[in-house]
Amino acid sequence: MKLQTAVPEAPALRTRGGRVELVQLCKTYGGNTAVDSIDLRIEPGEFLTLLGPSGSGKTTTLNMIVGFTEPTSGSVELNGRDISRMPPNKRDFGMVFQNYALFPHMTVAQNVAFPLRERKVPAGEITRRVGEALDLVDLAGMDGRRPHELSGGQQQRVALARAVVFSPSVLLLDEPLSALDRKLRQSLQREIKRLHDELGLTFVFVTHDQDEAMTLSDRIAIFNEGRIVALGTPTDLYHRPPTTFVARFLGESNVFDGFVVRPERMAVVVDSASVPPGANTAPATVTDVSFYGTYSRIELAFGDDSIGCAVLPVGTPSTVEPGTAVIACWRPEDQVPVSTEKGTTS
Ligand code: ADP
Ligand code: MG
């Protein structure tokens, strides 16, 4: 019997992702340095996330890539070509903002068609492409609505459709999900990931949410005080954080002198006879126990006033409650050496 496999048709909006390179990129405002000598190469088709606390320079970096902000020094390159002085509309990058930025008086279809009209695309092709873009974000049939007739999640889907409708090679997203509630965020995270996988363009995504960064990204660039202090895949950065800053910023950590232990590697026992052979230990007091269904999280205060935690999978017998004196223990191979320097780039 002959096996028949369906070959899915690639969407026409699919493009080849651009390679973006930032070379010694700087931006200063008066005497303040917003972005401090950033070097970063974003590969074609990559999903790269800029993650960092508020004010660390993420938006300024994104705005220099898209062309809204002129660098003080350094350059932005696309596929090896310096585009630092090129106006934003010539760069042809798609952009999605936190606040949707839709035109309120236009319908969904008119909003999505806008970039194509600006580019003087023929009417027939506009209709076809808008239909395709709306299908892509699951908004078929909503063409005639206006933004105020849509939910926040639907408005952000329109913004996504508008950003990809002209087949850009790079899509830049600045905290696109931060205004949405948790459930909606998670469903749009999956949409954004699917869009990335289907379209093949390069995504540069900004967030201050570590979980969002971990679930979406091929690589994460961690920002602090205008610099990239770490760059790597989510698993690399989680399991081998180069600095205490990264260990604290990405996931939870028990931070000791020169090393960290992740909470799922930490066990908690109440007497020294129960410490597994060969384990390292630290005395601690339980300050909080929270049940999360699949796991319990035990918050710990160590003798030196530092705070840490252990995560126990459901079913782990544990009788500890707040106030219990315990011994935190872990295998020596589960402690990860870290530098205490903030500015170290891995
Ligand atoms: P993030 O997006 O990580 O929150 P930003 O890139 O918005 O950070 O800001 C980085 C720093 O640059 C902050 O200290 C901010 O106050 C400053 N900054 C950003 N834009 C301007 C501006 N237009 N004028 C003056 N300072 C600015
Ligand atoms: Mg910002």
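Student: Which helix gives the most to the shell around ligand 1?
Tutor: Helix 1, residues 58-66, with 3 residues. Helices here are DSSP runs of H or I, at least four residues, and strands are runs of E, at least two, numbered from the N terminus. This is a predicted model: local features need pLDDT of at least 70, side-chain atom pairs pLDDT 80 or more, while totals for chains, interfaces and linings use all residues. Residues count from 1 along each chain as written, chains are lettered from A and ligands numbered from 1 in written order, and side-chain values use heavy atoms, without hydrogens and water.

Student: Okay, which residues are around ligand 1?
Tutor: Tyr29 and Ala34 are there, then Pro53, Ser54, Gly55, Ser56, Gly57, Lys58, Thr59 and Thr60. Each has a heavy atom within 4 Å of the ligand.

Student: What does the side chain of Thr60 do there?
Tutor: An N or O atom of the Thr60 side chain sits 2.5 Å from an oxygen atom of ligand 1. Thr59 also brings a polar side-chain atom, 2.8 Å from a ligand oxygen. Gly57 uses a polar backbone atom instead, at 3.1 Å from an oxygen of ligand 1.

Student: How much of ligand 1 does the protein bury?
Tutor: The protein buries 55% of the 560 Å² that ligand 1 exposes when taken alone (Shrake-Rupley, 1.4 Å probe).

Student: New topic. What is the strand order in the sheet?
Tutor: The order is 2-1-4-5, in an open sheet of 4 strands with antiparallel pairing. Pairing takes at least two DSSP bridges.

Student: Which strands are at the edges?
Tutor: Strand 2 (32-42) and strand 5 (81-82), each pairing on one side only.

Student: How many bridges join strand 1 to strand 2?
Tutor: 7, and the two run antiparallel. Leu25, for one, has Ile38 of strand 2 as its bridge partner.

Note on methods. A polar contact is a pair of N or O atoms within 3.5 Å; within protein, one must be able to donate a hydrogen and the other to accept it, and residues adjacent in sequence count only if both atoms are side-chain atoms.
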